[in-house]
Amino acid sequence: MNIIEVKNLSKTFKIKEKEKGIKGSIKSIVKPRYKTIKAVNDISFSVEKGEMLAFIGPNGAGKSTTIKMLTGILYPTSGEIMVNGINPAKQRKKLAYKIGTVFGQKEQLWTHLTPYDNFKFFGAIYDIQNNEIEDRIEELSKTFELESFINTPVRNLSLGQRIRCEMVAALIHKPEILFLDEPTIGLDPVVKKNIRKLIRKMNKELGTTIFLTSHDVGDIEKLCKRVIIVNKGKIIMDDTIKNLKSNKPLEDIITEIYQEATI
Amino acid sequence: MLMEVRNQIKVIFLSLKYNIMREMTNKITFLSNILFMILNNSSFIIQWVVLFSLKQEIGGYTMKEIILLWGIASGTFGLSKIVFSRAFELSELIMEGKLDTFLVQPKNVFLSAITSETKISAIGDLIYGYICLFVYGVTVKNFVLFTIFLIAGGIITAAFASIVNCASFWIVKGDFFADALSNIMIDFATYPGNIFKEGVKILFYTVIPVGLSNYLPVETIINFNLVNFVWIIGFTGIIVVVAFWVFYKGLKRYSSSNLMNSRI
Ligand SMILES: Nc1ncnc2c1ncn2[C@@H]1O[C@H](COP(=O)(O)OP(=O)(O)OP(=O)(O)O)[C@@H](O)[C@H]1O
Ligand SMILES: [Mg+2]
């Protein structure tokens, strides 16, 4: 069964161009010049329930833009999206109960609150009953080993501790699909390894579908069976990691593909 | 539907609770913030004392009515900044892609966003509002009317701020536009409505609705009039609907991290 279905999806951004200096400023007001960027350009793919998919590509390829459309943050310019049978642009709230998101470069937690208070707040956001949320927090903080700092304000935590908290917040409502946009960015190898272990465990035990973007080949290799490579808004490869692998390390193969694509 | 509204309100109150809790961790700063705002507002009264030593009345108001006017102005502003503080910063949230967090949550994006912070000094404004009411002369009727008008005025002020801040969905320098208009609304809140000419008055009862959030409530407490009362409540409903409509219209154009837009 396909849990994500994307057909001919595109997103263009319109950017106002401005030349240097005051003259340029005036010109941009009087006669604005626009540049359009096709961040995502007519892509189609599907993801099966329970799959762990790596969605990768060079900087600016359109990965984050795609995730943002799948999660209902951005309206697509054209094309169709179905996530868990829901159209994200039309039924954003309904979709929100079913998905979890972690953006490695953006925080969702309130930094002045403790992780515990944050989780309680997220519980209310997802309409989880009080007694149920306590159990859920206990269970997740055990799995993600948060016990020693669950009552420390988030702003005083290390990056690794914070990402673990972000993951717990994203999982509080037992989502069916987890979208991870560079979840391991800036983490040390030990923390990375731990995070990967937890993601794998979740996928195995709960059947959570994982949609992952990362520039870390380790994440891709250790977690995913299938990889989609995008470049300049287009899919340039959709295959299993097994097929991609040869005698060379995966890192080199991916680098080559990126280099070829940018020529 | 009812359940949904209840859950939304629960989240708003929880957010308010946590915001105030955060500020309370440092009790001295918390209290001095509030106290300072009360003193700050009181200092403006001195201006009026000086003015009234020169003239008997201004715009038909004596010192007593001016105090009530200040009470309403300070109270409505305070309430809007306690509950809807981020309505005044919505432009920044739009331009810097800070709506993302609220968009992946199963709650109303608009309400979640504008209630996600609290300005603590605004508690001082609210308290000052009630101090003014007590100085003006409090009766049960005055107290009830005053409270209703603070809620209505707080909502009108926040809804207006939201609408003008939504300009950032369409134009690059939306924040300047929004700040300019929000400031007009706040600056004119403490002047007697009657000193303005007809043309300006029409403006204040429509486009920049400080007349409905401040002037008319003052008149209605001084001299109760059911038509005015209904008009204030009705307008509150209308501007809330408009604010939601504009926000959701604009949201379709939201580009998450629009920051890059102005810098090429
Ligand atoms: N809000 C925006 N406004 C204008 N252009 C944008 C916006 N967001 C993204 N873009 C542009 O769209 C293209 C794709 O960006 P996107 O963030 O999706 O890339 P990415 O694959 O996630 O890259 P990275 O690996 O660096 O995170 C880029 O050229 C980027 O400059
Ligand atoms: Mg990205």
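Tutor: Let's start with Asn8(A), which is partly exposed, with a relative accessible area of 42%. Keep in mind that this is a predicted model.

Student: What makes Asn8(A) "partly exposed"?

Tutor: Buried means under 20% and exposed means over 50%. Asn8(A) has 42%, so the value falls between those cut-offs and the label is partly exposed.

Student: Where is Asn8(A) placed, and what is its phi?

Tutor: Asn8(A) belongs to strand β1 of chain A. Its phi is positive, about 50°, although Asn8(A) is not a glycine.

Student: What about Lys232(A): is it buried or exposed?

Tutor: Exposed, with a relative accessible area of 54%. The cut-off for exposed is over 50%, so the label follows. Lys232(A) sits in the loop between β8 (226–231) and β9 (234–240) of chain A. It too is a residue other than glycine with a positive phi, near 45°.

Student: Why is strand β5 of chain A described as largely enclosed?

Tutor: Of the 5 residues of β5 (residues 99–103) of chain A, 5 are buried, so the rest of the structure largely encloses this strand. Both faces contribute: Ile99(A), Thr101(A) and Phe103(A) point one way, Gly100(A) and Val102(A) the other way, and all are buried.

Student: How many bridges join β5(A) to β6 of chain A?

Tutor: There are 5, to strand β6 (residues 177–181) of chain A, and the two strands run parallel. With at least two bridges required, they count as a pair. Val102(A) stands opposite Leu180(A) in β6(A).

Student: Now ligand 1. Why is the site called shared between chains?

Tutor: Because residues from chains A and B surround ligand 1. The shell has 17 residues, and those that come nearest are Lys63(A), Ser64(A), Thr65(A), His215(A) and Ser255(B).

Student: What makes the approach of Lys63(A) to ligand 1 a polar contact?

Tutor: The cut-off for a pair of N or O atoms is within 3.5 Å. A polar side-chain atom of Lys63(A) is 2.7 Å from an oxygen atom of the ligand, so the pair qualifies. Backbone atoms take part as well: a polar one of Ala61(A) is 3.1 Å from a ligand oxygen, and a polar one of Ser255(B) is 2.6 Å from a ligand nitrogen. The protein covers 82% of the 630 Å² of accessible area that ligand 1 has on its own.

Student: Which elements give two or more residues to the shell around ligand 1?

Tutor: β1 and α2 (63–70) of chain A. The largest share, 3 residues, comes from α2(A). By type, the shell divides into 6 nonpolar, 9 polar and 2 charged residues.

Definitions and conventions:
Residues are numbered from 1 along each chain as its sequence is written. Chains are lettered from A and ligands numbered from 1 in the order in which they are written. This is a predicted model: local features need pLDDT of at least 70, side-chain atom pairs count only at pLDDT 80 or more; totals for chains, interfaces and linings use all residues. Side-chain values use heavy atoms; hydrogens and water are left out. A residue is near a molecule or strand if one of its heavy atoms lies within 4 Å of it. A polar contact is a pair of N or O atoms within 3.5 Å; within protein, one must be able to donate a hydrogen and the other to accept it, and residues adjacent in sequence count only if both atoms are side-chain atoms. Accessible areas come from the Shrake-Rupley method with a 1.4 Å probe; for residues, only the protein chains shown count as cover. Helices (H or I, at least four residues) and strands (E, at least two) are DSSP runs, numbered from the N terminus. Ala, Val, Leu, Ile, Met, Phe, Trp, Tyr, Cys and Pro count as nonpolar, Asp, Glu, Lys and Arg as charged, and the others, Gly among them, as polar. Buried means under 20% relative accessible area, exposed over 50%, partly exposed in between (1.4 Å probe, protein chains only).
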